[in-house]
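Work through these exercises with the sequence and the model side by side. Try each task before you read its solution.

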Amino acid sequence: MNITTSEFFKTRRLLLKGAGVAALIGLGVIPFDVPQALAAANDKYPEDAFKQKSEADAIKALYGKTAEPSGKVKMDAPEIAENGAVVPISATTTLSDVTSISFLVSENPISLVASYKIPAGTLPTVANRIKMAKTSNVTVIVEAGGKLYSAQKEIKVTVGGCGG
């Protein structure tokens, strides 16, 4: 049998991973319903929504309906972002039955910057660092109970951290 060193290590790695997963299942660390949890990873990617230039078009492509402002949706983001390439942002809600949370930036070339599916029983909180082309409104959309709720905030992007 003529196996190259590279093929040997790939096969060995695969075998060790399989043995490790089997051991974790046996110890009860990984539950047997892992395939259900991993099924969300196979959901269809919302390609059309990530191609839209306007917020309204992105929301329509992603959800097919409009959102209403809600005080139960909270967004934490800076008033001024000194670096538009990494703007920290987070969203949380007290709404029940949350199925997704999405972030949109109105002045970006592509409005939808992130969209997350929220599995049942998960705390509806998401944090990310987004990229902003310039000062604009950032909108968070929360889908809960079949309805859309939103919160919005203007974030000023400065060049060189001048804040003006």
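The model is predicted. Keep that in mind throughout.

**Exercise 1. Salt bridges**

Task: How many salt bridges are there, and which side chains form them?

Solution: 
- Step 1. Apply the cut-off: a side-chain nitrogen of Lys or Arg must lie within 4 Å of a carboxyl oxygen of Asp or Glu. By this rule, the count is three salt bridges.
- Step 2. Take E47 and K51. Their side chains meet in a salt bridge, N to O, at 3.2 Å.
- Step 3. Take E79 and K153. The closest N and O atoms of this salt bridge are 3.5 Å apart.
- Step 4. Take E107 and K134. Here the N to O distance is 3.7 Å.

**Exercise 2. What the bridges connect**

Solution: 
- Step 1. Find K153 in strand 9. Find E79 in the loop between strand 2 and strand 3.
- Step 2. The pair therefore ties together parts 74 residues apart in sequence.

**Exercise 3. Exposed or partly exposed?**

Task: Sort E79, E47, K134 and E107 by the class of their relative accessibility.

Solution: 
- Step 1. Recall the limits: buried is under 20%, exposed is over 50%, and partly exposed is in between.
- Step 2. E79 has 54%, so it counts as exposed.
- Step 3. E47 has 42%, so it is partly exposed.
- Step 4. K134 has 44%, so this residue is partly exposed. E107, with 39%, is partly exposed too.

**Exercise 4. Strand 5 and its partners**

Task: How many bridges join strand 5 to strand 6, and how many join strand 5 to strand 8? Is strand 5 enclosed or open?

Solution: 
- Step 1. Strands 5 and 6 run antiparallel, with five bridges between them. A hairpin of six residues joins the two.
- Step 2. Strands 5 and 8 also run antiparallel, joined by seven bridges.
- Step 3. Look at S100. Its bridge partner in strand 8 is E143. In strand 6, S100 stands opposite K117.
- Step 4. Look at I101. Its bridge partner in strand 6 is Y116.
- Step 5. Seven of the eight residues of strand 5 are buried, so this strand is largely enclosed by the rest of the structure.

**Exercise 5. The nonpolar cores**

Task: Which residues touch the most other members of the largest nonpolar core?

Solution: 
- Step 1. The largest nonpolar core has 24 residues. I101, V138 and V140 touch the most other members.
- Step 2. Strands 2, 4, 5, 7, 8 and 9 each supply at least two of its residues.
- Step 3. Another core lies apart from it, with nine residues, including A49, I59, L112 and L148.
- Step 4. Return to I101. Beyond four places away in sequence, its contacts include Y63, A91, V126 and V140.

**Exercise 6. The setting of K74**

Task: Where does K74 lie, and which residues does it touch?

Solution: 
- Step 1. K74 lies in strand 2. Its relative accessible area is 49%, so K74 is partly exposed.
- Step 2. Leave out residues up to four places away in sequence. K74 then touches S90, A91 and T92.
- Step 3. A polar atom of the K74 side chain lies 2.9 Å from the backbone oxygen of G71.
- Step 4. K74 and S150 are 76 residues apart in sequence, but 8.7 Å apart in space, C-alpha to C-alpha.

Note on methods
Residues are numbered from 1 along each chain as its sequence is written. This is a predicted model: local features need pLDDT of at least 70, side-chain atom pairs count only at pLDDT 80 or more; totals for chains, interfaces and linings use all residues. Side-chain values use heavy atoms; hydrogens and water are left out. A nonpolar core is a set of buried Ala, Val, Leu, Ile, Met, Phe, Trp, Tyr and Cys residues joined through side-chain atoms within 4.5 Å. Buried means under 20% relative accessible area, exposed over 50%, partly exposed in between (1.4 Å probe, protein chains only). Helices (H or I, at least four residues) and strands (E, at least two) are DSSP runs, numbered from the N terminus. Contact means heavy atoms within 4.5 Å. Two strands pair if DSSP finds at least two bridges between them. A polar contact is a pair of N or O atoms within 3.5 Å; within protein, one must be able to donate a hydrogen and the other to accept it, and residues adjacent in sequence count only if both atoms are side-chain atoms.
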